[in-house]
Amino acid sequence: MEPILQIKDLTKKYKNFTLDHVSMEIPQGMIYGLVGENGAGKTTTISAILNMVEKNEGTITVFGRDYEQAEREIKQDIGVVIDGLGPYSGYYVKDIHPIMKKIYENWDRDLFFGYLDSFKLPLDKKIKDLSKGMSVKLNFAIALSHHPRLLILDEATSGLDPVMRDEILSLLQEFVLDGTNSVLLSTHITSDLDKIADYVMLLHEGKVMFVKTKEELDVDFGILHCGKDMFNALSDEDIVYYIKEEFEYRVLIQNKRELRASIRDLAIDRASIEDIMLFYIRGKKR
Amino acid sequence: MADLNKRCVSERDREYAVICGMLPVFYGIYNLAIDKVVHCIYTVLIKKVQYIYAKYRSAGDEVEIIISNSSNKAIYEQITSQIKGKVMKGELKTGDPLPGIRSLAKSLHISVITVQHAYEELQKDGFIETIAGKGTYISLKNKDFLKEEQLRQAEDKLQEVVDIAKTNGIGLDTLIKSLTLFYEEE
């Protein structure tokens, strides 16, 4: 099956920042998480994917096609949810329908009003008067109602309470349920990705630090707590990154099973995406 | 656990559960030859919040799969050991359907790839079988697999016992005496 999105060696140079040879492949039916600090290059990557910035190098293929040949067709099938109200703040919620109907071929009126109903969004309210949670839900309603095949979310869940975030996560899993649509979820709320991501890419200062499946992170990675003796007994390959605390060493390992099998009584904790991110960014190599 | 369940089921899910609950009843009445109606409730533990997704309802079987994010066991392993455990206890029998991979991933709020991994392991170990176009079912390929699995689980427990004994200076003879007592109890 052809991947929904394929990026090869994407490079974009700004005065003080360079997105450096980023490659990414999103298969069909998957939720792909993009994590990194603020300023790591997540939004730049997404802007490039949406053809909103000119790239210096690299190729971007969406639904098997490139922007030179098929920009309009591609954009018809991408749904975008980003932080903010966009240009629609002065309109009423119900005004969105006639506007979007003209923009998207596959705009689904019943689906849109269905979402407004289940999200309890008032039709006669001005968009700028919506609460944060409601405007995010409205963004989702819009993005989903033209039947996109790729949903791109950039910090779409910040400012939402945990109950709403959980609803949104369920929505995303439902979106990929038939195995043909995919989601690119760029966020620094890594706990969301801990729950539903299939793939995780860590960006740092414009470079790709790693790309792993969530399954690999769950099965292979762990955080070992140990004293000096145990730390010195580990081989260099065992230590992905380490952080020396006041009374212990914390070591990020990626061979949890082998270590547990060879050494008894190891204190190894599960490593969340946030943990792994901190180790990669602030940890040391031996 | 039952109380937490009640507190966390949303309004929408309650309605959905009731509607879904009626379907098998109607279906059962409509098709009297079918006397086996499957009942599955998939329960999820997300940190301290419990989320219940009720799929079907009937009098009889209930299948719960519970995932803990704070366990040291990998998630796919939690799934496989729970399903294997149910098969060995007889709660799941050959022919019982398992949920689709994506549907289970969605219910449990985990990655599709994790569920795929669990199903692959179960298939490899001879507990389930996927029929193209129909779905995944419990299918005990080899009774020996079951015996091996049961022995392996007993041995894991024995290892734990030995560890405790060694740490606390309990001798092997004492252990054997206790084991014999327990075994001959009933």
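## Charges on the chain

In this report, Lys and Arg count as positive and Asp and Glu as negative, while His and the chain ends are left out. Each charge is placed at NZ of Lys, CZ of Arg, CG of Asp or CD of Glu. With that in hand, chain A has 37 positive and 47 negative side chains, and the centres of these two sets lie 4 Å apart.

## About the model

This is a predicted model, in which local features need pLDDT of at least 70 and side-chain atom pairs count only at pLDDT 80 or more, whereas totals for chains, interfaces and linings use all residues. Residues are numbered from 1 along each chain as its sequence is written, chains are lettered from A and ligands numbered from 1 in the order written, and side-chain values use heavy atoms, without hydrogens or water.

## The whole chain

Let's step back and look at the chain. Chain A holds eleven helices and 13 strands, taken from DSSP runs (H or I of at least four residues for helices, E of at least two for strands) and numbered from the N terminus. Of its 286 residues, 52% are buried, meaning under 20% relative accessible area with a 1.4 Å probe, protein chains only; exposed means over 50%, and partly exposed lies in between.

## A closer look at helix 3

Which residues of helix 3 of chain A are buried? In this helix, residues 96–103, they are A:Ile96, A:His97 and A:Met100. Seen down the helix axis, they fall within an arc of 90° (using directions from the axis to the C-beta atoms), so they line one face of the helix. On the other side, A:Lys101 and A:Lys102 are exposed.
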